[in-house]
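Hello,

Here is the structure I promised to pass on. Please open it alongside this message; my notes follow below.

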Amino acid sequence: MNVASRLPDSSAAALADRPMQTAKPPFLGFGLGLRHQHYDEILNGNPDIDWFEVISENYMIPGGQPLRTLDLIRERYPVVMHGVSLSIASTAPPNFEYLQGLKDLARRVEPKWISDHLCWTGVHGKNLHDLLPIPYTSEALDHVVSRVQLVQDFLGRALVLENVSTYVQFNNSEMTEWEFLSELSRRSGCWLLFDINNVYVSAFNHGYDPLTFLNGIPADRVVQFHMAGHSHMGTHIIDTHDHPVCEDVWDLYVAALKRFGRVSTMIERDDNIPPLAELLEEVNRTREIADKVLPAAGTHVG
Amino acid sequence: MSNSSEMSDFARQQAEFQRGILDGDDTVLSEILDSPREKRDTLFGVYRYAYGSRLVDAMRNDHELLHLYLGDEMFDEMGHAYVKARPSEHPNLRWFSQGLPDFLKSAEPYSNHPVLSDLAALEKALNDAFDAKEGPVVDLSGMAGFSPEAWPDLEFVPHPSAFRLDLVTNASAVWLALKSEETPPDAAVLEEPARLLIWRQDTTPMFRELSAEEAMMWDEAANGVPFGVLCEMLATYDDPDGAAARGAGYLHGWITSQLLTGVSTGA
């Protein structure tokens with residue numbers, strides 16, 4: 001008996017578009033990236049932050065203080081998991097050990113959603129720990145769509161994917177980054193994390209208008225904004241996430257609110273971590289601007 | 001998926017991009033565009049620079065005192081040599097510097113200074129204890145339930161965070177001096193190795209030095225040797241009449257330091 005002939009055609013299943021139909025994640029309000037420097041202040045002070053985003057890999061560890069702290073924070077605040085190592089666009093086979101670790105952490109944290117980046121981090125067994133760019137080709141799109149579908153099936157939930165800051169463009173790209181992201185979201189059912197700083201950085205580096213990018217993204221697929229700072233090198237901008245949000249990015253935030261409406265927003269600082277109070281001012285500014293731009297939508301949670 | 005046996009354009013391009021970062025190979029530049037304001041090699045250079053610098057930063061973070069000991073310049077030179085010798089193969093940056101003690105022990109010129117490998121090994125052990133698996137902690141009241149007759153059969157399970165480390169140098173004295181911002185002693189190879197026990201007490205990584213006798217008892221206890229036999233073994237190290245009392249003393253210290261996760265009367 002030929003068992004294989006009775007099984008579903010897995011290669012066809014992998015190639016066919018199967019957009020995961022999931023309810024749009026809820027609006028969480030105005031949040032902050034959780035950093036260990038602020039653990040005590042958060043737990044002792046219950047600051048007025050609507051939600052926290054945590055770096056998944058920081059908690060994909062056996063035990064100890066980070067996980068215990070996360071357990072306490074998730075009891076008080078909604079939490080979103082944000083990864084940096086999914087490497088969804090890598091042509092190397094997926095790392096199932098990593099995916100299982102991510103799934104185990106999600107079981108513990110019960111995040112509102114799980115996000116990572118549209119990028120790759122390495123091939124041939126190496127990990128470069130960077131968010132590396134891809135060519136925007138139909139071959140790459142087919143590949144990433146099939147990977148997103150696989151990961152969504154594995155995790156049992158829709159992914160949220162973020163646009164990264166890029167410094168180079170490939171000469172074989174056949175479409176724009178926003179066309180690629182839109183198609184990816186439409187075909188796989190993944191949601192989008194719109195990093196406003198990254199749009200600004202990539203637009204400057206490649207010489208296009210950030211508003212063109214913004215207007216090229218379908219309004220109903222964006223479930224989160226990132227706001228962050230960067231380092232300007234004159235001829236290009238490096239996405240260092242170690243500065244306050246600059247005025248140009250605040251302006252772009254206004255435009256993003258007008259296009260995408262009420263979207264969960266957070267301040268993402270990865271390096272040169274200032275006191276919590278300083279970041280709270282930026283969180284408050286995201287809220288104040290949203291209140292002004294969208295007075296009727298109601299930007300308060302609950 | 002289709003054509004998995006033949007390398008796709010996308011896969012080839014990623015392999016070349018990676019080689020460009022890891023090995024300085026410029027092949028991928030022919031597929032990259034200049035930007036309106038900048039040349040492609042400068043732009044690709046952002047990835048080249050970020051790669052090494054991010055990994056060395058992670059090493060600085062994991063090895064704060066080794067960094068302090070070596071200073072910025074020497075630490076970075078060492079860090080880049082490590083990055084070159086042992087590219088990361090784990091998706092989580094947390095595990096990148098795990099091979100550093102071994103690298104410092106085997107690669108010149110660092111291998112000529114064994115205190116470096118020892119210092120890195122001590123920091124690694126403390127980092128590992130910090131986020132080691134959770135486990136129950138045996139307390140003194142938990143011992144009260146065992147009758148005196150049961151004691152010889154008691155077996156002990158170390159806490160998952162507990163780790164034994166032997167150092168050939170005075171790296172623990174160097175560590176303590178650096179930690180308290182004092183001038184570290186001159187590095188020295190010890191006459192006999194220092195036997196350290198590293199573990200996590202509540203959330204804090206700890207270490208202390210053990211006598212040869214206590215180290216022997218700990219190692220054998222961790223191997224599942226019961227208390228009665230441990231006391232017989234202790235009797236061969238020092239005054240046989242005091243062996244049981246010494247064994248009980250060590251055990252008391254382990255329990256109050258949260259070093260044990262299980263005590264039972266064996267199978």
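Start at A:Ala256. Leaving aside residues up to four places away in sequence, A:Ala256 touches A:Phe194, A:Ile196, A:Leu214 and A:Phe225. Keep in mind that this is a predicted model.

A:Ala256 belongs to the largest nonpolar core, which has 138 residues. A:Ala256 is among the residues with the most contacts inside that core. As background, nonpolar side chains in soluble globular proteins tend to be buried together.

**Chain A overall**

Chain A holds 11 helices and 10 strands. Its C-alpha atoms fill a box of roughly 65 × 45 × 40 Å along the principal axes. Does the radius of gyration point to a compact globule, or away from one? A compact globule of 302 residues would have a radius of gyration near 19 Å. Chain A has 19 Å, so the two agree. Of the 302 residues of chain A, 49% count as buried. Take the contacts in chain A between residues at least 6 apart in sequence: 78% of them join residues at least 24 apart.

**Where the chains meet**

In the contact between the chains, 43 residues of chain B meet 45 residues of chain A. On the chain B side, the elements that give two or more residues are helix H1 (9-22) and helix H2 (40-62). H1(B) supplies the largest share, 10 residues. By type, the chain B side divides into 22 nonpolar, nine polar and 12 charged residues.

**Helix H7 of chain B**

This helix spans residues 171-179. Its buried residues are B:Ala171, B:Val174 and B:Trp175. Why do they share a side of H7(B)? They cover an arc of only 100° around the axis, and that puts them on the same side of the helix. The general rule is that an α-helix has 3.6 residues a turn, so residues three or four places apart point the same way. What covers the buried residues of H7(B) includes helix H3 (64-85), helix H5 (114-130) and strand S2 (163-169) of chain B. After H7(B) comes B:Glu181, with a positive phi near 55°.

**Backbone points to check**

Most residues other than glycine have a negative phi, and most peptide bonds are trans. Some places here depart from that pattern:

- A:His129 has a positive phi, near 50°, and is not a glycine. A:His129 lies in the loop between strand S4 (114-117) and helix H6 (138-155) of chain A. A:His129 is buried, with 22 other C-beta atoms within 10 Å.
- A:His241 also has a positive phi, about 55°, and is not a glycine. A:His241 sits in the loop between strand S9 (237-238) and helix H10 (247-260) of chain A. A:His241 counts as buried because it has 20 C-beta neighbours inside 10 Å, and the cut-off is 20 or more.
- The peptide bond from B:Glu108 to B:Pro109 is cis, with omega near 0°. B:Pro109 lies in the loop between helix H4 (100-106) and H5 of chain B.

Best wishes

How values were computed. Residues numbered from 1 in each chain as written. Chains lettered and ligands numbered in written order. Predicted model: local features only at pLDDT ≥ 70, side-chain atom pairs only at ≥ 80, totals over all residues. Contact = placed C-beta atoms within 7 Å. Helix = DSSP H or I, 4+ residues; strand = E, 2+ residues; numbered from the N terminus. Nonpolar A, V, L, I, M, F, W, Y, C, P; charged D, E, K, R; others polar. Buried ≥ 20, exposed ≤ 12 C-beta atoms within 10 Å, placed from the backbone. Arc of directions from axis to C-beta. Rg over C-alpha atoms; globule rule 2.2 N^0.38 Å. Core = buried A, V, L, I, M, F, W, Y, C linked by C-beta atoms within 7 Å.
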